[in-house]
Amino acid sequence: MKTVMAFIRINMMNTTKKALTAAGITSMTAEGHVQGRGRGYWDAKVMEGIKNNEPEALALIGGYPRLRPQTMILVTVPDDKAKLVVDTIMEANHTGQHGDGKIFVLPEYDAIRVRTEESGDIVLD
């Protein structure tokens, strides 16, 4: 089984949720109050200046890299559905602009339903 962890724009949550549901993915976890940043629009020379604590570079970004609010989605599925989840999230969130998000696919060793003590793929739905 795999866990697909995606970081997306906050305003894309409903679109993503609807797309996953339409694709037959009904179970997910979301956290809407995470913050992060990617490369964004920052110039490589500015970023190098920040690493070296150069005042001119720090002034360009207000003294520190800005973190942006994002939504984190976790979807754990059997191996054969991981690509469907990734493709669905990609399609729902792709604008071609910086900030579209990131997706990570992580291996999972087991899942256990506490109520029944069942384990394995059967507990994913």
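The protein chain has four helices and four strands, where helices (H or I, at least four residues) and strands (E, at least two) are DSSP runs numbered from the N terminus. This is a predicted model, in which local features need pLDDT of at least 70, side-chain atom pairs count only at pLDDT 80 or more, and totals for chains, interfaces and linings use all residues. Residues are numbered from 1 along each chain as its sequence is written, and side-chain values use heavy atoms, with hydrogens and water left out.

In sequence order, the pattern is β-α-β-α-α-β-α-β.

Now the pairing; two strands pair if DSSP finds at least two bridges between them. Strand S3 (residues 68-77) pairs with S1 in the antiparallel sense, over seven bridges. Within that pairing, Leu74 in S3 is the bridge partner of Met5. S3 also runs antiparallel to strand S2 (residues 29-36), joined by six bridges. There, Gln70 in S3 stands opposite Val34.

On to the rings. How many aromatic pairs are there? The count is one, taking rings of Phe, Tyr and Trp (its six-membered ring) with centres within 6.5 Å; planes under 30 degrees apart are stacked, over 60 edge-to-face, the rest tilted. The ring centres of Phe7 and Phe104 lie 6.2 Å apart with the planes at 80°, so this pair is edge-to-face. Phe7 sits in strand S1 (residues 2-8) and Phe104 in strand S4 (residues 102-107), so the pair ties together parts 97 residues apart in sequence. Phe104 has 38% relative accessibility and counts as partly exposed; buried means under 20% relative accessible area, exposed over 50%, partly exposed in between (1.4 Å probe, protein chains only).
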